[in-house]
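This report covers a surface patch, a helix and a pocket. The sequence and structure are shown first.

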Amino acid sequence: MSSKSVKQGEFYELEVGDDLQESSAYNNDIAPTKIKERTWSKWNIAALWVGMSICVPTYTLGGVLTAYFGLSVSEALFTILIANVILLVPLTLNAYPGTKFGIPFPVLLRSSFGMVGSNIPSLIRALVACGWFGIQTMFGGLAIHLFLSAISDGWASLGGVGEVIGFFIFWALNMYVVIKGAESIKWLETLAAPLLLIVGIGLMIWAGGKVSFTEILATPANRPEDAGFMGYFLGGLTAMVGFWATLSLNIPDFSRYAKTQKDQVLGQIIGLPITMFFFAALGVVLTAASVTLVGETISDPISLIGRIDSPFWVAIAMVLIVIATLSTNTAANVVSPTNDFQNIAPKIINHTRGALLTGLVGILLMGWELLKKMGWLESDVSVESMYSNWLLGYSSLLGPIAGIMIVDYFLIKRQHLDLVALYTPSSLYPAFNTAGLIAFAVPVVITLIALNVPAIGWFYNYGWFTGAFTGALVYFILASMQTSQTSQTDAVAS
């Protein structure tokens, strides 16, 4: 039996025949979801975003904007809110094909970059995710170590070794949840979201009695008095958009399980902007309250809670931080590379192997940090330097991919994809789509030049925006030319 695509209401479902079962570009784990598997309501999508947004890095965003981007506290919180409202545009648009056709992110890339070429952008996304996976696992492992230290003096005496053991315990928890599949992630996010919101609101009320919200919001900007607001704002805005630039690409990995397009759109609107704003505000407030609590300013919630002189409350808080970090890490940093690695060789790498490969790369990326904690390596390299030197620049790579994907699906393909061809090499979609690859290369090359030419340094400073616009424009021109040439060739042939 030959494979075929069947329309069911607003969805398309793939009936798989022997041809696709034998195809080198297909396996059951990256196959389109079936109608019966599309069970995520708007509340499940919202819970996904709440679970992903409430994490240690979000907590620190306000401090990052005030310390490094010259914004006041009120300006920083405003920037975070606007950035996440802006992010809803690429998130909801790139989610559309995932919901309509049930396909994951790397398979969608086959339309704009080619069957083989899709591995270039998908592996860039995977590498960024593995970097975040390692960092979040460090946070989760530290929380486990502090929890066990609070209930056991013997464990506390382990010091750095205990942190490393905690890292691998948390690593194993992540692997277990992801390998169990989408329903396991859905269950975790649905459980975590209301719990984390309740705890966050409780902490905000508690901290409100120790600091003045009015004084915090009135904290002046850390920039020259004669400096304009807009330049600092745009720099901070780009950084905050870059925070979830990752998910704006691989959102089809989740939207493929949505019940309807309305569910994925409403779920993201409900779950993302307000949660990010609230938890970043909580970080600002608790950082200010830390002076009253422990006598010094501490911007890391795990370290702050670890300083509280109450083993009971430390233990409870660390359990909640483990849940928060686990809900973020599994969804945001493991699902995408698990699918991306499968795209390289679907017949060799399945879902389980993709997840384990993600975990292995995450360990390797954090290897020096683990050796330092064991006392086996002296180095000035830290998680923070990795964050500032690499992760803050990844939006310049991800922006062009987002722009290309949106233009390809809505303007070039006009919301129609050939499901069978997406899993069939040497058919409708070429091995390498030159339009997509050139459109990606152009803004990346300009970005590299901008790093060394101050006159166009703005191209890098606003990398997600400049990259997305440039990639989208170049792709539209080149892909339109391709379509025109194909139409002329077909007309001559007929």
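A residue counts as buried under 20% relative accessible area, as exposed over 50%, and as partly exposed in between. The model is predicted. Leu473 has a relative accessible area of 43%, so Leu473 falls in the partly exposed class.

Leu473 lies in helix α25 and is one of the residues that make a nonpolar surface patch of about 590 Å². Helix α25, which runs over residues 463-493, gives the most to the patch, with five residues. In general, an α-helix has 3.6 residues a turn, so residues three or four places apart point the same way.

## Helix α21

Helix α21 covers residues 395-412 and has 18 residues. At 1.5 Å a residue, α21 should span 26 Å, and its end C-alpha atoms are 24 Å apart, which agrees.

The helix is mostly covered, as 16 of the 18 residues of α21 are buried. Just after α21, Arg414 takes a positive phi of about 50 degrees.

## The second largest pocket

The second largest pocket holds about 590 Å³ of space. Its lining has 25 residues, and Val199, Leu203, Ile305, Ala317 and Leu320 lie nearest the centre.

Two or more lining residues come from each of α3 (56-68), α9 (182-208), α15 (273-294), α16 (301-306) and α17 (311-344). Helix α17 provides the largest share of the lining, seven residues.

Terms used:
Residues numbered from 1 in each chain as written. Predicted model: local features only at pLDDT ≥ 70, side-chain atom pairs only at ≥ 80, totals over all residues. Heavy atoms only, no water. Patch = residues over 30% accessible without salt bridge, like charges linked within 9 Å, V, L, I, M, F, W, Y side chains within 5 Å. Areas by Shrake-Rupley, 256 points an atom, 1.4 Å probe, with all protein chains shown as cover. Salt bridge = Lys/Arg side-chain N within 4 Å of Asp/Glu carboxyl O. Helix = DSSP H or I, 4+ residues; strand = E, 2+ residues; numbered from the N terminus. Buried < 20%, exposed > 50% of the residue type's maximum accessible area, 1.4 Å probe, protein only. Expected span 1.5 Å × (residues − 1). 1 Å grid on protein atoms, 1.4 Å probe; cavity = no way out; pocket = protein on both sides within 12 Å on 5 of 7 lines; lining within 4 Å. Points joined across faces, edges and corners; volume = space filled by probe spheres on them.
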